[in-house]
Amino acid sequence: MTDIPAPARPDDWWRSAVVYQVYPRSFADSDGDGVGDLPGLIDRLDHLALLGVDVVWVSPFFTSPQDDNGYDISDYEDVDPVFGTLADVDRLIAGLHERGMKLVMDLVVNHSSDEHAWFVESRSATDSPKRDWYWWRPAREGHEPGSEGAEPTNWRSFFSGSAWELDEATGEYYLHLFTRKQPDLNWENPEVREAVFAMMRRWVDRGVDGFRMDVINMISKRVGPDGALVDGGGTATSGSFGGDQYLNGPRVHEFLQEMNAAVMAPAAAAGRRLITVGETPATPVEEARLYTDPARAEVDMVFTFEHMDLDSRPGGAGKWDLAPLSLPALKANLEHWQDGLAAAGWNSLYWNNHDQPRIVSRWGDDGAFRVESAQAWGTVLHLLRGTPYVYQGEELGMTNAHFTSVEQYADVESVNWARDAAASGVPLEEVVTALAVKSRDNARTPMQWDATEHAGFTTGTPWLPVNPNHTEINAEAAVADPGSVFHHYRRLIALRRKHSVVVEGDVRFLLLEHEQLFAYVRRLGDVRLLVVVNLSGTPAAVDLGDDTDLLTGEVVLGERLEPGGTLAPWGQSVVLG
C-alpha cells in the first residue's frame, strides 16, 4: 500500500473547502453488474476535479448485508465485494490526492450489522464477553417475552415499528433504532469505544482524511443508576421515537472529545488535520455550538435538519405529511443557524444528500425553469457562511425519480412507511404523492453521465431505474454547455476560492419577510458581497431600501440590478463591492 499525501493546508482548511458526496451504489458501475463500485468512481475522478471540489465523502463501501444499502456494516475494515477491494480504496485515495482532493469516509458506529462478528458473539449467550457491547434487555416486568407490550421500552424505530427485537435463543431483546438488522452499539462500554477508535486510526493510517459520522448524536443513551432504559415521551417527535432518551444524550460530548483525543489529535500531531462532520438529527443550534466550538475539540461541523423539515406539516406525522415551503420560514431558520454559530462553531451547508430528495424538484421547478432554479438554489447555499456539500448529480440539476407506483421504490424507509400508511387507511394516491416528493430513492437513482442507455452508469441492468430524463440531463451535455448548472457550480466554487469574504465574512439577512426573494450581504472589513435571488417562477421587484447602495459594484454572478429593478423568474444578482 502506497499513499500520495494530500497537499498541506492550514489547520482550518475545511472552512474554505467544498465537499462532494458520492453514493457509490449509484455513481458509476465498472463491471456491468448494475451496482456502482469503487473502480467506477476512480474512473470518474476527473469529473470531480473539473468541478473543483476539495473533498470527496463516500457513503459506506464496507462489507454489509445491504439491509440499509451499506449503513449496516458487518466488517468495518474490509470492502464489500460489490464495491471492490481494499486495493481499490488505496487507488482511490492515491487518485484523489494526486488531484489535490481528500477522502472522507462514512463512520457508522451508532450501530453495526447484526452480522458483524461483535454482534454474532454478543447474541450467542447471555454470559458472552461481548454481551455488553450492545443493548440487551429482558422483557418489560410482568410480560412474557414476545407478548404484546413486552418490549423493554416504548422506543420506536425510525424505520417503523418497535426499536426492540426479541432474540428467541436468549429470550432477551436488543435495541435497534433503525432496522432490526442494525443493532445499536453500547457506547457506555469503554471496550466498544476503544475498538471504534482503533478502527478509525487504522483507516487514517491508510490515508483517509476525515470522517462523516452517521447519527453520531445518538451514541449516548440515558441510562438510570441501575442500568435501566426508560420509556420516552414529552413531544410529538421524541415521544414517538423515544428520542428524548437518546438524542444528544448525557455523555455524547464526552464520547466525542475522547474520540478526538484518540484519533484526530494524534493525526494533527503528525501533521495531518482531518475533517470531521457529525450527522445530528433533532439538534438545536445551542447544542450544535457545543459540538462545533473548536475549543471543545469534538467535531468541525454538524449536519442540522431543521431546514429540511420545513415542508412537513407542524405537529403532523413526520416527513411524509407534506406542506408547502414558506420562504420566510426558511430564511428565519437559516438566519438563526448563521447567527447561532457565528462566534463559535461552523455550519454545514446542504440541500441534497443520500437521504433527501432532489432540491430542484423539491423547492425549485424541474420543468421549464430546471436550470435556472437549480442555479438559484445553489447560489443561495454556497455563498452563506459554512462548508457547502454537493451531492452527486446536484451539479447537473438532476431531478426526483417521478415514480408512479409504490412497487417502484426500493428504500427500506419508503417501503416500510408505505406499508404502514396503507394499513392505517391512508389513501394510495396520498402515499404515492408523498413518496414521489420525499422518498430517499429520489436521491439514489443512478448518476446520469450521458444520453446512452442507462445514462452511461452501467452496461448491465441498474439496481434502481435510471431517470428517463437522462437523455437531456447528463454530465456530458452539462460540461459542454457553458450555461449549465455544472458550470454555475464551478463558478460558485471559484468565488469561494477567490474571495475571502465568502469564507470569513459575517452574514446579514435582508428582506426576511419577502415571499419571493432570498437576500443577504456578506461583509469582511471593507469588502461586501450582496446576494439577491428570486426563488419563484414569477418576476420579483427588488427594493433594498437603505441598502440600495449595495447594488453598486462588480456583478460576479447573474444580472445587474438597478435600484427599484426586477429580477426575472429564478433570476439572481451577486455583487462584490
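These entries record what I looked up on strands, sheets and nonpolar cores in a predicted model.

**Basis.** I worked on a predicted model, where local features need pLDDT of at least 70 and side-chain atom pairs count only at pLDDT 80 or more, while totals for chains, interfaces and linings use all residues. I number residues from 1 along each chain as its sequence is written, and side-chain values use heavy atoms, with hydrogens and water left out.

**Open sheet.** I traced an open sheet of eight strands in the order S11-S10-S9-S5-S2-S1-S13-S12, with parallel pairing. Its edge strands are S11 (301-303) and S12 (348-349), each pairing on one side only. Strands are DSSP runs of E of at least two residues, helices runs of H or I of at least four, numbered from the N terminus; two strands pair if DSSP finds at least two bridges between them. Between S1 (19-22) and S13 (387-391) I found three parallel bridges, and Gln21 stands opposite Tyr391.

**Strand S20.** I then turned to S20 (572-576), where five of five residues are buried (under 20% relative accessible area, 1.4 Å probe, protein chains only). Gln572, Val574 and Leu576 cover one side, Ser573 and Val575 the other. S20 pairs in the antiparallel sense with S16 (527-534) over five bridges and with S18 (554-558) over four. Leu530 stands opposite Val575, and Gly558 opposite Ser573.

**Cores.** I looked up the largest nonpolar core, which has 86 residues, with Met200 and Phe211 making the most contacts inside it. Such a core joins buried Ala, Val, Leu, Ile, Met, Phe, Trp, Tyr and Cys residues through side-chain atoms within 4.5 Å. Another core, of 47 residues, lies apart from it and includes Trp57 and Trp363.

Terms used:
Buried means under 20% relative accessible area, exposed over 50%, partly exposed in between (1.4 Å probe, protein chains only).
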